[in-house]
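Here is a short briefing on one structure. Look at the ligand site, the nonpolar cores and a few helix details in turn.

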Amino acid sequence: MPLNSQQLAAYREQGFLHLPAYLHADVVAGVRREARQVFIRQLESRGLLPQINPTGREIDDGMARLFTENLPVFMNCGKQAQHLVSLHRLGLDERLLDLARQVGVEWPNICTRPVLYFNSPRLAKSEVYWRVFPHQDWRSMQGSLDSVVIWVPLIDLPPELGPLEVVPGSHLDGLVTSEVVDNFGKVDESYLRDKEFESLPVSAGDVVMFSSFLVHRSGTNSSPDIRWSCHFRYNNLAEATFVERGYPHPYVYKPMEELLTTGFPVQPQVSAVFRKAA
Ligand SMILES: O=C(O)CCC(=O)C(=O)O
C-alpha cells in the first residue's frame, strides 16, 4: 500500500507512523496462536491445563503457573516462540519490506532475529521483562542511520494493556543514549527532563513503523491479560555510512557448550526415530 505524502512527511518529522489495519488480522492471529501453542504443549504435558479446550484465561493462568513452578521450561518456551516459522515469515512479508523501502530503506536487510513479546508483570522476574524503560533501538543495532523498526501488536492493545509510548520527533536529536542496559540502549535521564511520551493504542492488524533513533518505551500493562506483540528491525545495506563503517553487526548468537539434558540421548532413542520413519 503506497504511503501518501502526508504520511511520508509525518514519518520524517515525527519519526513514526501508525498504520491501522495494515495487515490481515488472521496473519497476526496466526502468529499469536502458534506462540501460545508452544506454551500449551508444555502445559498439557505437565498437567497444568484443566481441560481439553481451555479458555484464554486458563491458558494465561497456566503460563503464570509454569513461570512460577518451572522457570527453565517457561524460558525455553519463550525462546522457541522467538523461532516460529510464522513469526519469521511475517518479518519477510513483502508488505513490511515495502513499508521500509517507502521511507528510504532502499535495500532492506534483517538486522537481527525478530522479537516476540508476551508482557505481563505475572511473567517477569524484573521490570524490564514486562515494561522496557525509555530507549533507542539504534544503540543496540548500530546499523544504517535510516534503519527502521516495525512493531506489530498481536492482539488489540487498549490503554490498559500498556501500548507502546513514543517521544514524537526525538529521532531528530540523534543518539541520546550513552549505555546499553539489559540489551537496550537506555536514554540518558538528562534528555528526558522536558520530553513527553505519546501512547499509541493499537488493534491487531495495525503496524507501527519507527526510526531506530525514536525514543520509546513500553506502556504499563495494568490488566490481567498478556500483552502480545512482535518487532522486526531492518537496516539499509545501501546507506552510505553503513557501507563506510564496514557493515558492523553487534549481535552474538552461539550455542551453549554443555549438554542441556544430561545423559540424553542414548543410542536406542536415536535409532527408534529412524525405524519409525522406515
Ligand atoms: O513492546 C514494547 O513495549 C517495547 C519493545 C521495544 O521497545 C523494543 O523491542 O525495542
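A polar contact is a pair of N or O atoms within 3.5 Å; within protein, one must be able to donate a hydrogen and the other to accept it, and residues adjacent in sequence count only if both atoms are side-chain atoms. By that cut-off, an N or O atom in the side chain of arginine 233 sits 3.2 Å from an oxygen atom of the ligand. This is a predicted model: local features need pLDDT of at least 70, side-chain atom pairs count only at pLDDT 80 or more, and totals for chains, interfaces and linings use all residues. Residues are numbered from 1 along each chain as its sequence is written, and side-chain values use heavy atoms, with hydrogens and water left out.

**Ligand site**

- Serine 218 places a polar side-chain atom 2.6 Å from a ligand oxygen atom.
- For arginine 227, a polar side-chain atom lies 2.9 Å from an oxygen atom of the ligand.
- The protein buries 99% of the 290 Å² that the ligand exposes when taken alone (Shrake-Rupley method, 1.4 Å probe; for residues, only the protein chains shown count as cover).
- The residues around the ligand (a heavy atom within 4 Å) include Tyr117, His135, Asp137, Trp151 and His231.
- Strand E12, residues 227-236, gives the most to this shell, with four residues (helices, H or I, at least four residues, and strands, E, at least two, are DSSP runs numbered from the N terminus).
- By class, the shell has three nonpolar, five polar and three charged residues (Ala, Val, Leu, Ile, Met, Phe, Trp, Tyr, Cys and Pro count as nonpolar, Asp, Glu, Lys and Arg as charged, the others, Gly among them, as polar).

**Nonpolar cores**

- The largest nonpolar core has 62 residues, and Met63 and Trp228 have the most contacts inside it (a core is a set of buried Ala, Val, Leu, Ile, Met, Phe, Trp, Tyr and Cys residues joined through side-chain atoms within 4.5 Å).
- Helix H2, residues 25-45, supplies the largest share of this core, seven residues.
- A second, separate core has six residues, among them Val176 and Tyr191.

**Arginine 36**

- Arginine 36 is in helix H2.
- Arginine 36 counts as buried because its relative accessibility is 12% (buried is under 20%, exposed over 50%, partly exposed in between; 1.4 Å probe, protein chains only).
- Beyond its neighbours within four places in sequence, arginine 36 is in contact with Gly56, Ile59, Asp60 and Trp228 (heavy atoms within 4.5 Å).

**Helix H1**

- Asparagine 4 caps the N-terminal end of helix H1, residues 5-14.
- Glycine 15 follows H1 with a positive phi, near 90°.
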